[in-house]
Structures are given as C-alpha cells and as structure tokens.
Amino acid sequence: MENKNLCAVLKETEKICLEYRKVKQPLSNEVLVEIHFVGICGSDIHFWKDGAIGKNKMTSPMMLGHELSGVVIEVGAEVTRLKRGDRVCIEPGVPCLKCDYCKGGRYNLCLSAKFCGTIKTEGMLRRYYCHNADFCFKLPDNVTLEEGALVKPLSVAIHTCHRTRVRAGKSVLICGAGPIGLLHLLTCKAIGVTKICITDICEKRLAAAKNLGVNGQICVNNKDLESIIKEVDSVLGGMPDITMECSGAESGIKLSIKVTKSGGVVALVGLGASEMNLPIIEVVTKELDIQGIFRYANCYPTALEMLASGIVDLKSLITHHFRLEDTAKGFQVAQSGIDGAIKVLIQCKQP
C-alpha cells in the first residue's frame, strides 16, 4: 500500500491532476481511513474555479475535499473508541483544544484549527487519509456511507438553526436553493417550522426545493427588490422572523436585511465577496441581529441522530457519483448544475 494513495490534486484553477502518494501510518491518536465518498462543497468549487475563497488565495498546488465518509482500516496505539471496520464520517476541522474558544465550546473559531481542504491543510480527495480519532464518528447501522459524506454540510445547517434559535411557530426565508440552502430547508422542517420560503435564480433548484415540501419558492432572476419582498410577504403571510442567506451574493444579503421583520435575525451562511455595499441603516432602525455562521460546533452527534431517526432524509439531494479518476468532471458538473446536479459525490474507494 505504500504508494497506492491515489490523490486528486488541484494544480491551478480548473486543472485537477491525479498522482500517487505514500499511504501514511496513523499517529497514536489517529485512525487511517479508507475513503469511500467525498462531497464537493461550494468552497471547493471556489478554489477550483477562482483559486481563492474570500481572503484565502491558492499559491501552490492543493488537495481539496472535506466532506468525507469511509471505513477505519488502522488505529493508533492510544485509540480505544474506534476499531478496524468501523464506518465513520469525519469532522474535517481539528482545533487546538487549548485556547479560550475551544474551552468555551466554540472550537469552530479556534485560530489554530487545521481544516482539511484549505490553504494550510490538505484535503481528502484521495484513497486513504489519517485523521484525529476524536473527530471521527461512527455511522449508525441504518445510515449509508453516501449519507455520511453529507454530515458535515448538515451540521452547518444545524449550527445555523442553533444560532438563530429556530423553533416551531417561526417563519423562515432561505436565500439560495443550492445544496446548503436545501439542507437548511430540511433542518428547519425537521425542527417543526411550517412557514418556509426559498429563493434562487435557478428554476431547477427551486423545483428541487418544491419536491422537499417548501411552502413557496421564488425565482428572483431579473426581479427588482420590492417585488421580491412582496412575493415573500405573500408566501409567508408576513415578513420572515429569520432569514438564512445561503448564496453569499450581495443581492441576497441586501434582500435579507430589507425583508426580515423588525427584531428578526439574519444569518449569513454563504461566503461571497470580502466587502459589500449593504443597507446598514436598516439593521439599526429595525434592530436586526446579524449572525455570522462559520462552519459548525458540536453538531455531528445531532446530525447523526437526525439521520438515524429518519427525521432528515438526504438521499434525494445526492444526484451524481464520479470515480476519483473522474474528479475533474465531477467539479464541472457541480459548478454548472447540469443535469439537475445538486450534491455531487466523488467515490474514492477503488471498485
């Protein structure tokens, strides 16, 4: 196995090459995972398409991928919670566990965290990967490995709902019907929210949202802000208590601020430009709470429980599978949304 670790490496924008690397042995607190599935995330697409996301710019070849499931094939000497053969999903961020953020339970804000698939830490688009055992979670018997690869983005949606205090009786607007927006839709429904509206510029994505049982979907392409606000009001029977902005687009954030009722909450989930022109005066006069959403914290156990209980069904979101050897094509499909692509998985395990 020494040089059997096939890896998909981003050499430059829109250029992914395959190369073999050494299979590392796990440290005492790590497990070696044979990777089965890796989901393509929006941040992966940003790096692939633009060579950057926010202020993080690619300066050398990098390996993407941080939504992972697989099977443990080796365990470190100190690992007792996992064993060979365990099916697992992985939290891709490993914090320091020593700083004030970590000790306070907000380890997603740790300044020393190593997060897979970023500039400083290689990702998981490969056949084998060693990871800290404390951040590997056994999959329930009735949860598939495909679903396991979606636990990370589901955890983001759960984190948003925790931060915004979503509960039954609240009305929610979701801006963006991509994979992360649809996961927020499913999570809100699981919590008991019955008034949900979702917006997007793509009719096919809105059709997917309709199939998941949303109250109303609005195509905002080529529409002015005031007409969109009127449509949201009509769908929800009033302005939303909570708006979850999942697109990262400036237009979506402007809508979120304008449409959310006074005293409401706007959660910024999607990553867009570093600086934007926004109607801040309305944040003040409406006493809106603007909440940044950065990854997740302490959400994997909840996500796995939701999947195991059947309260959230992710199977319909998985539309495409590609072999590791065809990773480049997988990124093209995920970025374009062709053929109704929602969530694209890369199958890393050799058939």
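## An exposed residue and its patch

A residue counts as exposed when its relative accessible area is over 50%, and as buried when that value is under 20%. In this predicted model, V284 has a relative accessible area of 57%, so V284 is exposed. V284 belongs to helix α9, which spans residues 280-285.

V284 also takes part in a nonpolar patch on the surface, together with I280 and I281. The accessible area of these three residues together is about 310 Å².

## Helix α11

Helix α11 covers residues 327-336, and its buried residues are T327, G330, F331, V333 and A334. Viewed down the helix axis, the buried residues fall within an arc of 165°, so they line one face of α11.

Several elements cover these buried residues. Among them are the strands β1 (5-12), β2 (15-21), β18 (318-323) and β19 (343-347), along with helix α1 (42-50). Just after α11 comes G337, which has a positive phi of about 75°.

## I346 in strand β19

One of the elements covering the buried residues of α11 is β19, and I346 is located in this strand. Is I346 buried or exposed? Its relative accessible area is 0%, which means that I346 is buried.

Which residues are in contact with I346, leaving aside its neighbours within four places in sequence? They include T327 and G330, two residues listed among the buried ones of α11. I346 is also in contact with H36, F37, V38 and I40, with L125, and with F322, R323 and L324. V235 is 111 residues away from I346 along the chain, and the C-alpha atoms of the two are separated by 37 Å.

Strand β15 is made up of residues 242-245. I242 and M244 point one way from the strand, while T243 and E245 point the other way. Side chains in a regular strand alternate between the two faces of the sheet. Are the residues that point either way from β15 buried or exposed? I242, T243, M244 and E245 are all buried.

β15 pairs with two strands, β12 and β16. Strand β12 (residues 171-175) runs parallel to β15 and is joined to it by four bridges; here C175 stands opposite E245. Strand β16 (residues 265-268) is also parallel to β15, again over four bridges, and in this pairing V266 stands opposite T243.

Technical notes: Residues are numbered from 1 along each chain as its sequence is written. This is a predicted model: local features need pLDDT of at least 70, side-chain atom pairs count only at pLDDT 80 or more; totals for chains, interfaces and linings use all residues. Side-chain values use heavy atoms; hydrogens and water are left out. Buried means under 20% relative accessible area, exposed over 50%, partly exposed in between (1.4 Å probe, protein chains only). The arc is that of the directions from the helix axis to the C-beta atoms. Contact means heavy atoms within 4.5 Å. Patches are made of residues with over 30% relative accessible area and no salt bridge: like charges are joined within 9 Å, nonpolar side chains (Val, Leu, Ile, Met, Phe, Trp, Tyr) within 5 Å. Accessible areas come from the Shrake-Rupley method with a 1.4 Å probe; for residues, only the protein chains shown count as cover. A salt bridge is a side-chain nitrogen of Lys or Arg within 4 Å of a carboxyl oxygen of Asp or Glu. Two strands pair if DSSP finds at least two bridges between them.
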